[in-house]
Amino acid sequence: MSQVLNAHQRLAELFDQGQYQELFRFVHDVYDVPEQPGHPPAHQDALVCAHGDVNGQPVLAYATRVEVQGGSLGAKQTRQIVECQRLARQSGIPLVALLESGGARISEAQHILEGFAAALKGAAELSGLVPQIACVFGHCIGASALIATLGDWVLMEAEASLSIAGARVNALATGEHLSEHALGGYAVHQQHTGNVHFVAQGDVQVIQQARTLLSWLPPHHKAYPPHAPTAPSATEQQRKTPEIARLLPTDPQTPFDMRVILEACADGQDFFEIQADFAPNVLTGFMRIGGYTVAVVANQSLHMGGVIDTLAAHKYSRFLNTLNCFNFPLISFVDVPGALPTLAAQQAGMLTAMSQSIHAVYNLRSLRLTVLVRRCFGGTFAMLHPKSGAGDLIFAYPQAMLGVMSDAAMQEIMAHSPQGKAQMQALQSQGLRSDDPRIAASHGYIDDIIDPTDTRQVLHRSLKSFYFKRVTHYPDKLQGNPPL
């Protein structure tokens, strides 16, 4: 069984060399009996706050002490959280929450309602200003779970649970008898909610994953993502990607693993995937090309043929919204046959989910590069980040397909009209398909049609020139109203 750490051990695991400075170290209930007469007890209550370095950069963190009233938080502890949020906001440094908590301390009645309201407000206000990361251990219930999911990233230990109420409260309220893990375990969030970004076995692995995640993130919203700690070698800088040409199937309907393309383009073949087990028909993550840190979105034809369903659209739009907060350039590798049109998809909110994605796409402010790998049809055209949607540079492989529908489907429809048949014959006489990327390129919708072997070099050259591109002028409005 993996080692379970206490709050101080978790903080030591998070910070470099286990070194950190505690804050509010003597906060406790003055009516508690002290350990020594005349001395207030140290660490009497359920929250430990600290600051120190992670990967050499300043970070704030707090950890709950489950051995004190189940890690439940009272009004004093929520004031500590609010103070950590203020320090993070005003100093421009990330905030990490190490949570194992039964939620609100109900014995404090109205005081804790106000306390958690202030902490939740603080998390909402901090959103988009600095990265907020929550690591969940054991049970994380109620208001503590809300604090976790209000942040940008949630990491979860495999035996932990994350839910709005515990199994006992749920049974009393609804008559539904479930274990904590069945109610809020990682499988619930990986398969259904998408609330959790990473799952790891044991406390140490979860915290190490948080340290790795922080190495990809800027400290605040005015900074850019960190470059590679060491510059790639000259050989790595000029590396071609012949493995992409070998990978691509001749049959456009044959699935293939898009990760091979991503790893071929990445420095050291290192693609840091996020939410790998949630909506796997869309891949999301980070990588570096020539030392430049970028975010990546890609369609994965190994799952559902790469079609976009409701969960994939939610995953896509949530990821883009997070990128937009922290200046990540985005590279999209597109191979999407369309959106799922079934009745079940409609009932699950397909239109709303796609609208959320479109809203996220068209509000991105940083550099957007696209590689049209194979297919892009119909309403999923927005995933291409088209020129009309403020996309920056769009590249296509020679055999890629772009259109309202595939050439085969278009042939079938146009055959019923003499005019349509003539149009198709005119294209064929020029050696073109109706979904040929050369047609889009002739209108300036695609910047270049590239050899797959040159993919990494083309992207590196583009990043070198335009990495710091950013939109700075926006319509004068209170805020957008994304569909929910």
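A nonpolar core is a set of buried Ala, Val, Leu, Ile, Met, Phe, Trp, Tyr and Cys residues joined through side-chain atoms within 4.5 Å. Buried means under 20% relative accessible area, exposed over 50%, and partly exposed in between (1.4 Å probe, protein chains only).

The model is predicted: local features need pLDDT of at least 70, side-chain atom pairs count only at pLDDT 80 or more, and totals for chains, interfaces and linings use all residues. Residues are numbered from 1 along each chain as its sequence is written, and side-chain values use heavy atoms, with hydrogens and water left out.

**Stop 1: the cores.** Select I133, L155, L213, F286, I308 and L320. Of the 63 residues in the largest nonpolar core, these touch the most other members. Now centre on L213. Leaving aside neighbours within four places in sequence, L213 is in contact (heavy atoms within 4.5 Å) with I133, W153, L155, F198, F272 and F286. Next, pick L47, C49, I112 and V196. They belong to a second, separate core of 32 residues.

**Stop 2: a helix pair.** Show helix 12 (residues 310-325) and helix 14 (residues 350-361). Helices are DSSP runs of H or I, at least four residues, and strands are runs of E, at least two, numbered from the N terminus. The two helices pack at an angle of about 20 degrees, with their axes 8 Å apart. Axes are lines fitted to C-alpha atoms over the stretch in contact, and angles run from 0 to 180 degrees between N-to-C directions. Helix 12 and helix 14 are therefore roughly parallel (angles under 35 degrees). On the helix 12 side, the contact is made by T310, A313, H314, Y316, S317, L320 and N321. Helix 14 supplies M350, A353, M354, Q356, S357, A360 and V361. By class, this contact has eight nonpolar, six polar and no charged residues.

Stop 3: Most residues other than glycine have a negative phi. Select F24, in the loop between strand 1 (21-23) and strand 2 (47-54). Its phi is positive, near 55 degrees. F24 counts as partly exposed, at 30% relative accessibility.

Jump to H385, in the loop between strand 13 (368-377) and strand 14 (393-396). Phi of H385 is also positive, near 55 degrees. Buried or exposed? H385 counts as buried, at 1% relative accessibility.

Finish at Q69, between strand 3 (57-64) and helix 2 (75-91). Q69 counts as exposed, at 52% relative accessibility.

Methods: Parallel < 35°, antiparallel > 145°, perpendicular 65-115°, else oblique. Nonpolar A, V, L, I, M, F, W, Y, C, P; charged D, E, K, R; others polar.
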